[in-house]
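This briefing goes through the strands and the helix packing of one protein model. Keep the structure in view while reading.

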Amino acid sequence: MPNAYIIGLGKSGIAAARLLKREGYSVTLSDRASSPILQQQQQELATEGIAVELCHSFAPATPLKLIVVSPGVPWDLPALIRARELGIETIGEVELAWRHLQSQPWIGITGTNGKTTTTALIAAIFQSAGFYAPACGNIGYAACELALGEKPPDWVIAEMSSYQIESSPSIAPKISIWTTFTPDHLSRHKTLENYYNIKAHLLKQSELQVINGDDPYLRQKGVESWPKACWTSVKGKAELLGDPARGAYIEDGWAIALDEKILPVDSLRMVGSHNQQNLLMAVATARLAGIEKDAIAQAIANFPGVPHRLEHIRTWAGIDFINDSKATNYDAAEVGLASVATPAILIAGGEAKEGDDIAWIETIQAKAAAVLLIGNAADTFAKRLQQANYNNWEIVETMERAVSRSSELAKEHNAKVVLLSPACASFDQYQNFEQRGDDFRQLCLESLP
């Protein structure tokens, strides 16, 4: 019986372990952490014949045929480098799923920001057209969960981070989408060129490509780099790169794809021009896949939005409370703040990332009546705001104090919006951005009088 080792006891790791167990492997799953929840999962998996090691750092000591890495595990971990030197095949969880589902058509969505909304829109359109097309990867199911199912999907709609692409060398979607490209994850990928090349690999492997032509970096790469791509632009046909008959753009309030008027842009209830761009990419993908206009229009009209991405929680005393917890870098947070009504009370902070914060701070100066700072980044953000001569900030440390104080400040400044848009990862105070957004939602619903 061949031995397989899975690193990371999350949704992806558990699905990969179950899939390999079904394929006849002897499976060990490990995680560096331990908690009551992880211990419970350890016991459940033991009953399935899957060994789980907690508080454990992987070292390639025993004979192994395969190592599967969860998305959050660094690809250049010394133990993984050593394993590859020893000739042990090392892949990501999405690559494992691809090997079991490559007879189905895949859609791969990548980019620095905009991935989740675009993925959710595409999945909604395909499902409206009658396909079994669940979202997986970074949202929805782990990709291996789909491979475990009794019925294979008609389409696999996979949101893929650079981490997942890096560890999935053979994945070749029918259609790939590149939403945006700005510096992110450089602590892992070291250079912007490395980060670009990882994402570009996914599109080069794909039969068809859809690319955001309004993104400055991708636009600069242009038709020379991607001559056969379907380019998109919210700025109209005149600004479109490539062949308009193969592109998608907005003109006179209509989304036009592949030379055909599809639907009015205001059918989408989500705010912000960036969401118009996400809409265009989703519509273009659907038309390339042969989905009819009616199914597209119906899906968009009924689309509720994405949790943790400009998610409206409630209106209290005339103030809209909006959860944008998924804005984990400066660019996403800038887009979030630019999309809401002015003036706004902004809640920001967490575990800071590398990146250029200038445009984000300029948007704060233009739109935020006050900023409440939480988490490890609070002191650093306070200094940066002071340097920019923006002084209407307070360090409140916790989400509970932020929500309470935001309601007071909103009344004081006659603000229309309280926005959680952290510009940070969540790991200093929460397990992930979803837990952070859920905490904000609960506090908004339960703690305001």
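Two strands count as paired if DSSP finds at least two bridges between them. Helices (H or I, at least four residues) and strands (E, at least two) are DSSP runs, numbered from the N terminus. The model is predicted, so local features need pLDDT of at least 70 and side-chain atom pairs count only at pLDDT 80 or more, while totals for chains, interfaces and linings use all residues. Residues are numbered from 1 along each chain as its sequence is written, and side-chain values use heavy atoms, with hydrogens and water left out.

**The nine-stranded sheet**

- Strands of a sheet pair through backbone hydrogen bonds, either parallel or antiparallel.
- An open sheet with mixed pairing is built from nine strands, in the order β7-β8-β6-β9-β10-β11-β12-β13-β14.
- The edges are β7 (135–137) and β14 (260–264); each has a single partner strand, so one side of each is left without a neighbour in the sheet.
- On average, neighbouring strands of this sheet are turned by 25 degrees against each other, direction ignored.
- Four bridges pair β12 (residues 248–251) with β13 (residues 254–257) in the antiparallel sense.
- Glutamate 251 has tryptophan 254 of β13 as its bridge partner.

**Helices on the sheet**

- Contact here means heavy atoms within 4.5 Å. Axes are lines fitted to C-alpha atoms, for helices over the stretch in contact, and angles run from 0 to 180 degrees between N-to-C directions.
- Helix α9 (residues 192–204) lies across β6 (106–110), β9 (175–178) and β10 (208–212), and runs at about 150 degrees to β9.
- Helix α10 (residues 216–225) also packs on the sheet, where it touches β9, β10 and β11 (230–233); its direction makes about 145 degrees with that of β11.

**Strand β20 and its partners**

- β20 (residues 417–420) runs parallel to β16 (residues 319–323), and four bridges join the two.
- β17 (residues 344–349) also pairs with β20 in the parallel sense, over four bridges.
- Valine 418 of β20 is the bridge partner of phenylalanine 321 and of isoleucine 345.
- In a regular strand the side chains alternate between the two faces of the sheet.
- In β20, Val417 and Leu419 point one way and Val418 and Leu420 the other way; all are buried (under 20% relative accessible area; exposed is over 50% and partly exposed in between, with a 1.4 Å probe and protein chains only).

**Helix α5 and its neighbours**

- The axes of α5 (residues 115–128) and α11 (residues 273–288) come within 9 Å and cross at roughly 40 degrees.
- α5 and α11 are therefore oblique to each other; angles under 35 degrees count as roughly parallel, over 145 as roughly antiparallel, 65 to 115 as roughly perpendicular and the rest as oblique.
- Residues of α5 in this contact include Leu121 and Ile125, and those of α11 include Leu279 and Val283.
- By class, the contact of α5 with α11 has nine nonpolar, five polar and no charged residues (Ala, Val, Leu, Ile, Met, Phe, Trp, Tyr, Cys and Pro count as nonpolar, Asp, Glu, Lys and Arg as charged, and the others, Gly among them, as polar).
- α5 and α12 (residues 293–301) pack at about 125 degrees with their axes 8 Å apart, and are therefore oblique to each other.
- Leu121, Ala124, Ile125 and Ser128 of α5 meet Ala295, Ile296, Gln298, Ala299 and Ile300 of α12.
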